[in-house]
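Please keep the sequence and the model in view while reading.

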Amino acid sequence: AIRAAAFTPVFFFLASICWVDGFNLQSILPSRVRRTTSPICMIDRRAALGTICTGVLFAGGFPQLGIAETEQETRYENEKFSFGLSYPSTWKKSTKPVRTHLEEVQFKKGGGTEIGIVVDPVKIESITEFGTAKEVAKRVVGVERAKDGVTSAKLIAASQTEKSGIPYYMIEYESSSSRGDKHFISKVTIVSKKLYVLTAQAKTSKFLEDEAALRAGAESFEVSAL
């Protein structure tokens, strides 16, 4: 097993199950939506029965915050998989030495604050085929809550946005576990049968300090139609 802290929040590859930044995103899909067979990742059908959380949803969506005026931005563009985002220039770009996804890149401030993006193949054309943003968010937090070491998980917000005709789901939640308390913001979409997941995260104690940069990075994330 790969230690969960290797890529917080609980981003690991274990026993041929693909875990996506704090939750097994593939595990919440109905059978018609599951990933194409791949040596990179297999599907755990049982996890589809994860407990549905009773967290609070804020219909107003997510606050719009920008990176502090004193902090410079760097724009990252991934030509191979047609996505890009902006992040603080002082953060460090890194990649994982062990390949568990088609593509994976991280931008780290340090101290547990970072933004990560992964790309994986699926069999569907749009994120809306998962269900609504609210339905997906509930299952995500339910799976998080059921994991070993997690004592609580609370859904904070779920909403759908759109850029250039491509729908995105925004999911925000907090989790407390033996590894610490963390705050997550995920932005998810599907383009050309590829699943794109951005996760911006920080320790709960550091979230207010880094919130502007995390939200701005998530907001700037965009995938181009292939």
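Which residue takes a positive phi in the hairpin of β3 and β4? The model is predicted, and in it Ser82 has a positive phi near 55°. This hairpin places four residues between its strands.

## Strand β4 and its partners

Strand β3, residues 73–78, pairs with β4 in the antiparallel sense, and six bridges join the two. Asn78 has Phe83 in β4 as its bridge partner.

Strand β4 also pairs with β12, residues 222–223, in an antiparallel arrangement over two bridges. Here the bridge partner of Phe83 is Val223 in β12. Six of the six residues of β4 are buried, so this strand is largely enclosed by the rest of the structure.

## The largest nonpolar core

The largest nonpolar core has 26 residues, and the members that touch the most others are Phe83, Ile117 and Phe221. At least two residues of this core come from each of the strands β4 (83–88), β6 (103–110), β7 (113–121), β9 (166–177), β10 (180–191) and β11 (194–203), and likewise from the helix α2 (207–220).

Leaving aside residues up to four places away in sequence, Ile117 touches Phe83 and Leu85, then Glu103, Glu104, Val105 and Phe107, and also Val197, Leu198 and Phe221.

Definitions and conventions
Residues numbered from 1 in each chain as written. Predicted model: local features only at pLDDT ≥ 70, side-chain atom pairs only at ≥ 80, totals over all residues. Heavy atoms only, no water. Core = buried A, V, L, I, M, F, W, Y, C linked by side-chain atoms within 4.5 Å. Buried < 20%, exposed > 50% of the residue type's maximum accessible area, 1.4 Å probe, protein only. Contact = heavy atoms within 4.5 Å. Pairing = 2+ DSSP bridges.
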